[in-house]
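Here is a short briefing on one protein model. Look at the structure first, then read the points below.

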Amino acid sequence: MSIPFWQEDPDAPYATLLSVVAGTCHPEAWEEAYADLQRIAREYPDTPRMIRFKKELRDALRDPARLPPGELFDAAQYSDGSESAFLARLWRDLYPGEAPPV
């Protein structure tokens, strides 16, 4: 099995988004991983990692086609039906008081 590009190059486009998603949204993540991500987004939004994560999430929401094909699904194994639906749910769950980017 090959290593995802975003693990080899943490500065690659969307590497932070995919890394956080893989560690907290994938079904094999620990039981409270998603709740921990929600808490971190709420309590520590100004850390460099969360700033970059939010920027990449915002960019991906604006144009999901810019994500490398299949990488988001591999990272999350989402059941939302599409990348756009998963990203929208992620935004709503993490930033409930903010309108999604357009």
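Tyr 14 counts as buried, at 6% relative accessibility (buried is under 20% relative accessible area, exposed over 50%, partly exposed in between; 1.4 Å probe, protein chains only). This is a predicted model: local features need pLDDT of at least 70, side-chain atom pairs count only at pLDDT 80 or more, and totals for chains, interfaces and linings use all residues. Residues are numbered from 1 along each chain as its sequence is written, and side-chain values use heavy atoms, with hydrogens and water left out.

**Loop residues with positive phi**
- Tyr 14 is found in the loop between α1 (5-8) and α2 (helices are DSSP runs of H or I, at least four residues, numbered from the N terminus).
- Its phi is near 70°, a positive value in a residue other than glycine.
- Gln 77 lies in the loop between α5 and α6.
- Phi of Gln 77 is near 50°, also positive in a non-glycine residue.
- Gln 77 is partly exposed, with a relative accessible area of 34%.

**Helix α6**
- The buried residues of α6 are Phe 86, Leu 87, Leu 90, Trp 91 and Leu 94.
- They fall within an arc of 135° seen down the helix axis, so they line one face of α6 (the arc is that of the directions from the axis to the C-beta atoms).
- These buried residues pack against α2 (15-24), α3 (33-43), α4 (48-62) and α5 (71-76) (contact means heavy atoms within 4.5 Å).

**Contact of α3 with α6**
- Tyr 34, Leu 37, Gln 38 and Ala 41 of α3 meet Arg 89, Leu 90, Asp 93 and Leu 94 of α6.

Notes: Helices (H or I, at least four residues) and strands (E, at least two) are DSSP runs, numbered from the N terminus.
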